[in-house]
Amino acid sequence: MPAEPPEPPADKPFAAKCSSDTINLVWAGTTYDGGSIVTGYEVEISEDGKKWKVVADNVFSTSYACTGLNSDKKYQFRVSCINAVGKSKPSAISEPIQPSADAGDDVDEEEVPDEAAFEPRDVKVRSENVKEYYEIREELGRGKFGTVNKCVEKKTKKILAAKFIKAEKPDDKKEVEHEIEIMMVLQHPKLLQLYDAFATGNNMVMILEYVSGGELFDRVIDEEFELTEAVVVFLMRQICEGVKFMHQQKVLHLDMKPENILCVRKNSNKIKIIDFGLAQKYTKDLKVSCGTPEFLAPEVVSYDPVAFGTDMWSVGVICYILLSGFSPFMGDNEGETMSNILKVEWDFDDECFDEISDNAKEFIEKLLLEEKDDRLTAQNCLDHDWLKKEMKGSGAAISKARLKKYIIKRRWQKAFNAVRAMIRVKRIV
């Protein structure tokens, strides 16, 4: 089925913030991209709801600041989606909006639409205090790298995330700078975006797009979420779009796993691929010994050269788990998992696959191949019948009970490994 122009945005645009001569518009993403990723938006303005003027025709995000307006007038707006095939019909028309110096406070993050919160930026690391430009709010999470806090840019009131990293050694600083360099070439709606960066002494701060929906797998096991094969198609299409762009930029992610796929908002099925700390620019004969064991491709386990197919193996594992609730290679420990991967032994024998389409199974089969060059590319995936054709109906509901058990087992293993690592460090000390 050939691609077609997208559907219009799901709702009318609205004002997130106004000043005396500016209206900051936001809008929802499309409900269907036409089988080809949305590459931008066209914004139109009208003073009477009849005559329309294009004010921007290549907006990367789902927000736009319309400037040079008259505070004595009211304006209406409509937005169209654009993909490689063409332009959608216009969205529903906004309510009349009047610029006002007193209007608009902080935008509630749950009202922020489903796509990138800002347009591409050329980020340079600044040797200034991040708190001069951003209000640092509550902690969102922490890891071995440091902490992540919600923050608000003082000038624009934009809600973002601040990732604080301790870089006590020169190599630590180089790693962060490498991640920033990688993120600068990965400006795409399905990839987490970098907004700003700071370095003062041993502290480095990356200001990132704020994504509040949590991990993809946590979203799909929610009691109110209905997981079907059609939903998995929608999710996998987005993942492949993000991976395709990375590979077009000659970047390998090298740590594709469920934790690194987030939902943009709590009630959204739109996703972002995150965490480019292990990502590398592709070079011939590149070898790596990093990643998460369960999702490693055979060539990583055997320390052979990696390529773009290395990420695609991980995409296949994620897809298998989403459809079944089972991991194709997960063992009781890391050694067993690695052995299972090298054997490349897996199947569709469980009864949970009885309701899964042959197209879906073929899709996985063409990703979980031993030879990396034989696997589907991201573009091949997007051209595959399973992702390209609209499914008739949503398909049977997929059991979330198995997926819940899988997630619990993974978390237990992670906790066990963390405790084991702490004990090992104490013994060394």
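Author: In this predicted model, arginine 219 is buried and yet has no salt bridge, since a salt bridge would need a side-chain nitrogen within 4 Å of a carboxyl oxygen, whereas the nearest side chain of opposite charge, that of aspartate 222, is 5.2 Å away. Arginine 219 belongs to helix 2, which covers residues 216-220, and, when its neighbours within four places in sequence are left aside, it is in contact with Phe225, Cys263, Lys266, Asn267, Ser268 and Asn269.

Two other arginines can be described through the rings beside them: the charged end of arginine 121 sits over the ring of tyrosine 195, 3.7 Å from its centre, and the charged end of arginine 126 sits over the ring of tyrosine 133, 4.3 Å from its centre.

In one of them, the ring centres of tyrosine 320 and tryptophan 346 are 6.0 Å apart and the planes stand at 90 degrees, so the pair is edge-to-face. This pair links distant parts of the chain, 26 residues apart, with tyrosine 320 in helix 5 (residues 308-324) and tryptophan 346 in the loop between helix 6 (334-343) and helix 7 (358-365). Tyrosine 320 counts as buried because its relative accessibility is 6%, under the 20% cut-off, while tryptophan 346, with a relative accessible area of 21%, is partly exposed. Both residues also belong to a cluster in which ring pairs link Tyr320, Trp346, Phe348 and Phe353.

Methods. Residues are numbered from 1 along each chain as its sequence is written. This is a predicted model: local features need pLDDT of at least 70, side-chain atom pairs count only at pLDDT 80 or more; totals for chains, interfaces and linings use all residues. Side-chain values use heavy atoms; hydrogens and water are left out. Helices (H or I, at least four residues) and strands (E, at least two) are DSSP runs, numbered from the N terminus. Buried means under 20% relative accessible area, exposed over 50%, partly exposed in between (1.4 Å probe, protein chains only). Lys and Arg count as positive and Asp and Glu as negative; His and the chain ends are not counted. Contact means heavy atoms within 4.5 Å. Rings of Phe, Tyr and Trp (its six-membered ring) pair if their centres lie within 6.5 Å; planes under 30 degrees apart count as stacked, over 60 as edge-to-face and the rest as tilted. A charge sits over a ring if NZ of Lys or CZ of Arg is within 6 Å of the ring centre and within 35 degrees of the ring normal.
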